[in-house]
Amino acid sequence: MDALSGAGPRRARCSLGAASPGARAAAAPWARFSAWLECVCVVTFDLELGQALEKSSICYLSFPDSHSGCLGDTQFSFRIRQCSGQRSPWHAEDRHYNSGAPVSLQREPAHYFGYVYFRQVKDSSVKRGYFQKSLVLVSRLPFVRLFQALLSLIAPEYFSKPAPCLEAVCSEIDEWPAPVPGQTLNLPVMGVVLQVHIPSRVDKPEYSPPKPCSHENLLPAPVILTSVHELDLFRCFQPVLTHVQTLWELMLLGEPLVVLAPSPAVSSELVLALISCLQPLKFCCDYRPYFTIHDSEFKEFTTRTQAPPNVVLGVTNPFFIKTLQHWPHILRVGEPKMAGEVGLSFAQGAWGLGLGAPRVLSCGTEVQHRVCSVGDLPKQVKLKKPSRLKTLDTKPGLYTAYSAHLHRDKALLKRLLKGLQKKKPWDTQTALLRRHLLELTQSFIIPLEHYMASLMPLQKNITAWKTPPQIRPFRQDDFLRSLEHAGPQLTCILKGDWLGLYRRFFKSPHFDGWYRQRHKEMAQKLEALHLEAICEAQNIETWMKDKSEVEVVDLVLKLREKLVQAQGHQLPVKEATLQRAQLYIETVIGSLPKDLQAVLCPP
C-alpha cells in the first residue's frame with residue numbers, strides 16, 4: 001500500500017497513526033490539505049506480496065472480499081479505529097470546526113474514515129488474471145458524498161496516469177479553503193469546480209439544492225453538490241422500507257446489528273443510512289460500514305464470552321452469519337436489481353459539463369426507476385425469528401426477536417407508493433423519507449430537551465459574587481410523568497408504547513451521550529451567565545474593600561479560567577464581555593501589593 005499525502009509519497013505497512021508534532025510542524029505548508037484529508041492511499045493486490053501486507057487493516061478494508069464478485073468500478077467506505085497511543089493531537093482548528101458543526105458531522109479524534117474507489121478488470125498480463133487496485137481517501141470528516149464525488153473525478157484519471165495525477169490533485173487540495181461550518185465553498189480539482197455547503201449546527205433542514213454562489217464568475221461553471229454527507233435514503237432503504245421504524249428504534253436504542261450485504265457498496269451505504277436515521281441526534285455507538293474477518297477488532301466483536309457490543313457492522317462474507325449468530329439482530333439484504341452503480345453516476349456526468357450554467361448533482365438521479373416496476377414498492381425483506389437463521393444460504397430478512405414499540409406509519413408507505421405510481425423523482429422520495437425520520441427523532445427528543453431545560457437554574461439566581469447554583473439532577477420518573485402533558489404525542493401522530501421506548505432509551509449509550517453533551521453545554525452556559533453577571537456588576541472596588549487578599553486572588557484566578565475557556569470557544573459569551581473581564585482582572589491585580597502583582601503577572 002502506498003500512502004500519498006501532502007508530505008509526498010511514502011511506503012506504509014501498518015494501520016494509520018498520527019504524525020508526531022515535529023512531523024506536523026515540518027509539513028506546515030500542507031496544512032490546508034490536512035484540513036480535509038489525512039492522506040491518499042493506493043492499494044494494489046499482488047499475488048506474491050499479498051501476505052506481506054497483512055499487518056495493515058486498511059489494505060483489507062480497501063478490497064471487496066472474494067464473496068462480493070465486484071467487477072468493474074465500485075465505490076464504498078469504511079471506518080477504522082486509530083492505533084492505541086497514536087491518536088491525532090487535538091488542534092485549535094478541530095475545536096473551531098467542531099464548535100460550529102452539527103454533532104453528527106464533527107471530526108472524530110479516535111477514528112478515520114476511508115473512502116474507496118476499487119477497480120477490478122481482466123488483465124492477462126497479471127498472474128491472477130485481473131487488475132485489482134484501490135484508490136483510498138483517508139479523512140476524519142464524515143463527508144461521504146463529497147469524497148465519493150472527488151474519487152469519481154480522480155480515480156479514472158489516476159488509473160491511466162498514476163503518479164503525476166495524484167501529485168497534482170494533492171497540490172490542488174492544498175489550495176482549498178478550510179471547511180468552515182456555514183460557508184459555501186468552491187473547490188477546484190482537475191479542471192472541475194465542486195461547490196459545496198459545509199453544514200452548520202444552526203442550519204435548518206433543507207430539502208432542496210443549495211443556491212449557487214453568485215459573487216464569483218467561475219469558469220468552468222461549478223458542479224453543485226446538494227450535500228457533502230447525505231445519501232439517497234430511499235435507494236438505500238428500498239428493501240427495508242416496511243421496517244424503517246423498527247430499524248430506527250434499534251438505532252435509537254444502540255442495539256447491536258449486523259448488516260450482511262452482497263457487496264461493500266451496499267453494505268457501507270446501508271450502514272451509513274441507518275446511522276443517519278437519528279439526525280440531529282449524535283450516534284454515540286461504534287459502527288463499521290464495511291468490516292472483514294481480517295480486521296484487528298474481529299475477535300473483540302465476535303467473542304461469545306460477553307454480550308455483543310453496541311456496534312453496527314456492515315459485512316459481505318456469509319461466514320459472519322455463523323460467527324455472529326448470537327447477535328440479537330441480523331439484517332440480510334440481496335443485490336439491488338439496478339443497472340449500474342449509482343455511486344458512479346457522478347463520474348458519468350461530471351466530465352461533460354463544459355462552460356455552461358451550474359449543474360446540480362444529487363445521488364441516484366440517473367437511475368430513478370430501474371429498481372422496481374411502476375406502482376410497486378421494491379421487494380421487501382421479511383421479519384423473521386432468529387431461530388430461523390441458517391448458515392451461508394440464509395435468505396434476505398431482518399432476523400430479530402425485537403417487537404417495535406411504535407406502530408408502523410402506514411400513511412408514509414402509501415405516500416411512497418403513490419410517489420412511485422406518479423413517477424416522482426427519487427430525490428423527492430428521499431426528501432419525504434428523510435423528513436419523516438427527522439420529525440420522528442425530533443418528536444422523541446423535544447420532551448427530553450424541554451425537561452432538561454427545566455433543570456437549569458433561573459438567571460435571577462445567578463449573582464456576581466456567589467458561586468453559581470448547580471444544575472438539578474435528571475430524574476427519570478419525573479420526566480416520564482411529564483410526558484402526559486408534554487410528550488411526543490404533541491408533535492407526532494404515531495401511537496404506541498412511548499413510555500417503554502423511553503425506558504429502554506435510558507439504558508442506551510445514546511441517552512448517556514446526549515445527557516453528557518447537554519449537561520456540558522448547560523454548565524458552560526451557566527459559567528457564561530456567571531461571567532456576564534460579574535462583568536455587569538458596577539461595584540467591584542466596593543466588593544474588594546472588605547475582602548482578604550486570598551479572596552481577591554481567588555477571584556482573579558477564577559476570572560482568568562473563565563476567560564481562557566471563553567477564548568477557546570468553550571463558553572458562549574460576547575466579545576464585549578471578554579474585554580470587560582480582562583479589564584476587571586487588570587483592575588483587581590492593580591489593587592494588590594507589588595509582590596502579589598509580580599506573582600500574578602510575571603515579567
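1. Strands β3 and β6. In this predicted model, strand β3 is joined to strand β6 (residues 130-139) by six bridges, and the two run antiparallel. Within this pair, cysteine 39 is positioned opposite valine 138 of β6. Strand β3 covers residues 39-44, and five of its six residues are buried, so the strand is largely enclosed by the rest of the structure.

2. Confidence. The average pLDDT of the protein is 80, and 79% of the residues reach at least 70. Residues 3-27, however, have a pLDDT below 50; this stretch makes 56 contacts in the model beyond near neighbours in sequence. Residues 338-375 also stay under 50 in pLDDT, and the model gives them 84 contacts beyond four places in sequence.

3. The six-stranded sheet. An open sheet of mixed pairing is formed by six strands, in the order β11-β12-β10-β13-β16-β15. Its edges are β11 (286-288) and β15 (382-384), each of which pairs on one side only. On average, neighbouring strands of the sheet are turned by 15 degrees against each other, direction ignored. Inside the sheet, β10 (residues 257-260) and β12 (residues 311-315) run parallel and are joined by four bridges. Leucine 260 faces valine 315 of β12 across this pairing.

4. A helix on the sheet. Helix α9 (residues 264-276) packs on the sheet described above, where it touches β10, β11, β12 and β13 (329-332). The direction of α9 makes about 160 degrees with that of β12.

5. Nonpolar cores. The largest nonpolar core contains 115 residues. Trp36, Phe237, Trp248, Leu331, Phe444, Leu448 and Phe474 have the most contacts inside it. Helix α5 (residues 144-160) supplies the largest share of this core, with 11 residues. Another core, of 25 residues, lies apart from it and includes Ala537, Trp543, Met544 and Leu563. As for leucine 448, its contacts, not counting residues up to four places away in sequence, are Phe474, Phe479, Tyr502, Phe505, Phe506 and Trp514.

6. Helices α13 and α14. On the α13 side the contact is made by Leu412, Arg415, Leu416, Gly419 and Leu420, and on the α14 side by Trp426, Gln429, Leu432, Leu433 and His436.

7. Leucine 529. This residue belongs to helix α17 (residues 509-536). Is leucine 529 buried or exposed? Its relative accessibility is 12%, and residues under 20% are classed as buried, so leucine 529 counts as buried. Leucine 529 touches Met456, Gln459 and Ile462, leaving out residues up to four places away in sequence. The C-alpha atoms of leucine 529 and glutamine 459 are separated by 7.5 Å, although the two residues are 70 residues apart along the chain.

8. Serine 200. The loop between β8 (192-197) and β9 (223-225) contains serine 200. With a relative accessible area of 10%, serine 200 is buried. Apart from neighbours within four places in sequence, serine 200 is in contact with Gly100, Pro102, Pro181 and Gly182.

Conventions: Residues numbered from 1 in each chain as written. Predicted model: local features only at pLDDT ≥ 70, side-chain atom pairs only at ≥ 80, totals over all residues. Heavy atoms only, no water. Pairing = 2+ DSSP bridges. Axes fitted to C-alpha atoms, helices over the stretch in contact; angles between N-to-C directions. Contact = heavy atoms within 4.5 Å. Core = buried A, V, L, I, M, F, W, Y, C linked by side-chain atoms within 4.5 Å. Buried < 20%, exposed > 50% of the residue type's maximum accessible area, 1.4 Å probe, protein only. pLDDT = per-residue confidence, 0-100.
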